[in-house]
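Me: I am new to this structure and would like to learn how to read its features. Please take them one at a time.

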Amino acid sequence: SFFEKNKAKVSSIKKKLLHFFSLAFGGQSTYDIDDVRAMHYGYNISDYHFDSLLDIIGAALEEQGVKKKDVAEVLISLQPIRADVTTGFTVRMEVARKNVEKGKDQLFKRMGGTDGIKSLMDALYKIALVDNRIKDHLLKDPERIKLGQSVYVTEMLGGPKQYKGQEIAT
């Protein structure tokens, strides 16, 4: 992994975390909280990554004998910086979502449009129907399944909306 190969980076991160925690919990620090957003913007840190770090911090505190109530308080106290740490990821995801909605995503066209998707699905099913690992799941009605997946892939790649059924709740 990245951290196993880059000991200097790990050392740097540890030092920065020490300064951050010192500041966050009222101690002396050279850490500038106003730089959090700018420092993390390019790292593409999602809520999943932020939550993973909180899990690690919580486990480390518990391993050091810190009471669960105090661990919970520490983790809650870190929540206000979540938005600053995850802003880069959030912005990029929103831009991508808007691009797809506005039709700027040209992947559907580059795939050959409806004909290209049909050709792709035909090729996939030709392989899938002889693959012993999955063919039994498709044998009941492969054409209906292929059609449904074709509609899904078409819409996901920016093609015309074809699905006429009930919307799936998100």
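Me: Which residue forms a salt bridge with Lys68?

Reply: This is a predicted model. A salt bridge pairs a side-chain nitrogen of Lys or Arg with a carboxyl oxygen of Asp or Glu, within 4 Å. Lys68 is paired with Glu62, and their closest N and O atoms are 3.4 Å apart.

Me: What about the salt bridge between Asp131 and Arg133: where does each residue stand, buried or exposed?

Reply: Their side chains meet at 2.6 Å, N to O. Asp131 has 18% relative accessibility and therefore counts as buried. Arg133 has 68%, so it counts as exposed.

Me: Which residues are linked in a network of salt bridges?

Reply: The network consists of Lys118, Asp122, Glu143 and Lys146.

Me: Now the surface. Which residues form a nonpolar patch there?

Reply: A residue needs over 30% relative accessible area and no salt bridge to be part of a patch. Tyr41, Val91 and Val95 form a nonpolar one, and together they have about 230 Å² of accessible area. Tyr41 has a relative accessible area of 34%, so it is partly exposed. Tyr41 sits in the loop between H3 and H4.

Me: Last, the largest pocket. What is its volume, and how many residues line it?

Reply: The volume of the largest pocket is about 1,000 Å³. Its lining has 28 residues, and those nearest the centre are Ile13, Leu17, His40, Ile45 and Leu53. Helix H1 (2–5), helix H2 (7–24), helix H3 (36–40) and helix H4 (47–63) each give two or more residues to this lining.

Me: How does the lining of the largest pocket divide by class?

Reply: The lining of the largest pocket has 21 nonpolar residues, four polar and three charged.

Definitions and conventions
Residues are numbered from 1 along each chain as its sequence is written. This is a predicted model: local features need pLDDT of at least 70, side-chain atom pairs count only at pLDDT 80 or more; totals for chains, interfaces and linings use all residues. Side-chain values use heavy atoms; hydrogens and water are left out. On a 1 Å grid over the protein atoms alone, a cavity is a set of points where a 1.4 Å probe fits but cannot get out, and a pocket is an open set with protein on both sides within 12 Å along at least five of seven lines; lining residues have an atom within 4 Å of a point. Grid points are joined across faces, edges and corners, and a volume is the space filled by probe spheres set on the points. Helices (H or I, at least four residues) and strands (E, at least two) are DSSP runs, numbered from the N terminus. Ala, Val, Leu, Ile, Met, Phe, Trp, Tyr, Cys and Pro count as nonpolar, Asp, Glu, Lys and Arg as charged, and the others, Gly among them, as polar. Patches are made of residues with over 30% relative accessible area and no salt bridge: like charges are joined within 9 Å, nonpolar side chains (Val, Leu, Ile, Met, Phe, Trp, Tyr) within 5 Å. Accessible areas come from the Shrake-Rupley method with a 1.4 Å probe; for residues, only the protein chains shown count as cover. Buried means under 20% relative accessible area, exposed over 50%, partly exposed in between (1.4 Å probe, protein chains only).
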